[in-house]
Amino acid sequence: MAENIAPRAAAAAPFRPKPARASAAPVCGDGCRVPAATAATCAGEPHVSVSTAYDGVLLLGFGGPEGQNDVIPFLRNVTAGRGIPDERLEEVAHHYRHFGGVSPINEHNRELKAALDAELAARGLDLPVYWGNRNWMPYVADALQDAHDAGHRRLLAIATSAYSSYSSCRQYREDLADAVEATGLSGEVEIDKVRQFFDHPGFVTPFAEGVAEGLAALHAQGFADDQIEILFSTHSIPNSDADRSGPPERGFGAGGAYVAQHTAVAEAIMARLASSCAWQLVFQSRSGPPQVPWLEPDINDAMAELPARGRRAVLIVPLGFVSDHMEVLWDLDTEAMETAEELGLIALRTPTPGTHPAYVSGLVDLMVERLDGTPAVDRPHETDLGPWYDVCRPGCCENKRLGFQPALAGIAP
Ligand SMILES: CC1=C(CCC(=O)O)c2cc3nc(cc4[nH]c(cc5[nH]c(cc1n2)c(C)c5CCC(=O)O)c(CCC(=O)O)c4C)C(CCC(=O)O)=C3C
Ligand SMILES: [Fe+2]
């Protein structure tokens, strides 16, 4: 815990952080800088960490296959130890085979890294970005080794994943612990991770623009607001993971922080647009044995209900995803579009953030707030749930199926 909150000893780092800004006196001790107004979310532990002179960035991706021969080894990596039935693996392999065995996700991350490099350079920040994946080459351990070989010792990780859940937050923290173990760099590098950014304007803006443009296109086709339903779609996860997402002390209840965050972001987008269209949060890409409950409704089932309610068009918003990877290309652009056609619904799918300039500069803002030690009150957030934690709270996003695994960037366990 101390290593996450104590100012680090000065070293020959290329970047010199600005002095910490004056703010309300720490109310939690241990260098925590949460002001009194939001102290309830801090509960005596660090919520906002102090300024730290990071000298490199680890960009954490999911990874994907880049040819037919990669497909099965990739799927085995993804599902290691999780009891995904073979039939499901075959089904998913087919989605990849359909696209030549290539997921676009690695190319997206190369483009994102290039865009981040350019934005960092434009701001005069000397912070090289090293990209590594959970499930395919380059792995996180490769990126960490490269960063270390180049002399970097204080790394700030940022995952291509915006919300709180085991798969989208804690598992990336486990990937970091695994990478330190695999490289034998324990004690040689310090790694922190930027907060979950679901409600950062850099993430929300591209979606809000997409919804505005999508609605305008449907209006231009003659649809009235009461004929349109907006479907905010995200990855389904097991109910048990959802219920444990986020810090237990926040008491989110059923669906946990995962459902609360998505709902709050959808509300923020609707509020920005002052739209009167009906909307709902729907789920996609479920897997696992059928007897295990996952978040519902499935997007296809939700669409089936719409014609009876007088809807003639749907706007599908891939709210849970940062780029047009396989879950978007297959589960939305292929399957959900087929469902819409069968139901006689006109369907449009809005863009993912990708390399939208607001998203790229938002990610760099998220790095800068850590270099600066920006206090919570000055951190951008578009929902009442944020700004989210720099250091994950004890028990955050646990996975009861897999049991305890070591993880960085959090307060143990
Ligand atoms: C919350 C969440 C995100 C969003 C957050 C984030 O982006 O991190 C996400 C992203 C992604 N999921 C992806 C691919 C897969 N996910 C799988 C399986 C699973 N995902 C889960 C959750 C999530 N997944 C869960 C609970 C499982 C069950 C198994 C387990 O407990 O781990 C499987 C196994 C087969 C199947 O069952 O479908 C595959 C192939 C790809 C790459 C796509 C590409 O290649 O372009 C991406 C970006
Ligand atoms: Fe997934």
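In this predicted model, a backbone N or O atom of Met 326 lies 2.7 Å from an oxygen atom of ligand 1, a polar contact in the sense of a pair of N or O atoms within 3.5 Å. Taken alone, ligand 1 exposes 870 Å², and the protein buries 97% of that area; accessible areas come from the Shrake-Rupley method with a 1.4 Å probe.

Residues are numbered from 1 along each chain as its sequence is written, and chains are lettered from A and ligands numbered from 1 in the order in which they are written. Local features need pLDDT of at least 70, side-chain atom pairs count only at pLDDT 80 or more, and totals for chains, interfaces and linings use all residues, whereas side-chain values use heavy atoms, with hydrogens and water left out.

Who surrounds the ligand? There are 27 residues around ligand 1, and Arg 82, Arg 88, Tyr 96, Ser 103 and Ser 287 come nearest; a residue is near if one of its heavy atoms lies within 4 Å. This shell divides into 14 nonpolar, 9 polar and 4 charged residues, with Gly counted as polar and Tyr as nonpolar, for example. Helix 2 gives the largest share of the shell, 4 residues. Helices here are DSSP runs (H or I, at least four residues), and strands are runs of E of at least two.

Turning to helix packing, the axes of helix 4 (residues 105-122) and helix 12 (residues 357-372) come within 9 Å and cross at roughly 65°, where axes are lines fitted to C-alpha atoms and angles run from 0 to 180 degrees. The residues in contact (heavy atoms within 4.5 Å) include Leu 112 and Leu 116 of helix 4 and Val 360 and Met 367 of helix 12. They divide into 9 nonpolar, 1 polar and 1 charged.

Most residues other than glycine have a negative phi, and most peptide bonds are trans. The bond from Met 137 to Pro 138, however, is cis, with omega near -10°, and Pro 138 sits in the loop between strand 2 and helix 5. Another cis bond joins Glu 296 and Pro 297, with omega about 10°. Ala 274 has a positive phi of about 50°, in the loop between helix 9 and strand 6.

Conventions:
Polar contact = N/O pair within 3.5 Å; in protein donor to acceptor, adjacent residues only side chain to side chain.
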